[in-house]
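User: I am new to reading protein models. Please take me through this one, term by term.

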Amino acid sequence: QVQLVESGGGLVQPGGSLRLSCAASGNIFSIYVMGWYRQAPGKQRELVAAIPGAGSTTYADSVKGRFTISRDNAKDTVYLQMNSMTPEDTAVYYCNARRTVGTVRYDYWGQGTQVTVSS
């Protein structure tokens, strides 16, 4: 079992930056693939970025070059640095921890944090 708590959301002007944090507890953090997803009103939840315990990161095309995902395994925390933000980035952002054992996938979610980009 993994518990995830996001923080760092809020209101930012277009072109601004925010940094989201997700603190994990309850299990061995380093074995999970950590990800950030977002869901805008009326839209499906989508992957923003993901980072495994070791290896390369994955980004949605819409955020490449603007967002950076990172993790600190010593602190059991994953971050999402968001720069050059646009109103299209407005959504509830969710932290995800995923582990696959054989054919079984384990998914854990945070409660979400609202990000609003508006002037």
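Analyst: Start with the largest nonpolar core. Of its 30 residues, Leu 4, Met 34, Trp 36, Val 78, Leu 80, Met 82 and Tyr 93 touch the most other members. This is a predicted model: local features need pLDDT of at least 70, side-chain atom pairs count only at pLDDT 80 or more, and totals for chains, interfaces and linings use all residues. Residues are numbered from 1 along each chain as its sequence is written, and side-chain values use heavy atoms, without hydrogens and water.

User: What makes a set of residues a nonpolar core?

Analyst: Its members are buried Ala, Val, Leu, Ile, Met, Phe, Trp, Tyr and Cys residues, joined through side-chain atoms within 4.5 Å. Buried means under 20% relative accessible area (1.4 Å probe, protein chains only). In soluble globular proteins, nonpolar side chains tend to be buried together.

User: Which strands each supply at least two residues of this core?

Analyst: Among them are β3 (18-25), β4 (33-39) and β9 (91-101). Strands are DSSP runs of E, at least two residues, numbered from the N terminus. The chain has 11 strands and 0 helices (H or I runs, at least four residues).

User: Why is the chain called as compact as a globular protein of that length?

Analyst: Its radius of gyration, taken over C-alpha atoms, is 14 Å. The globule rule, 2.2 Å times the number of residues to the power 0.38, gives 14 Å for 119 residues.

User: What does Leu 4 touch?

Analyst: Its contacts (heavy atoms within 4.5 Å) include Cys 22, Met 34, Cys 95 and Trp 109. Residues up to four places away in sequence are not counted.

Terms used. Buried < 20%, exposed > 50% of the residue type's maximum accessible area, 1.4 Å probe, protein only.
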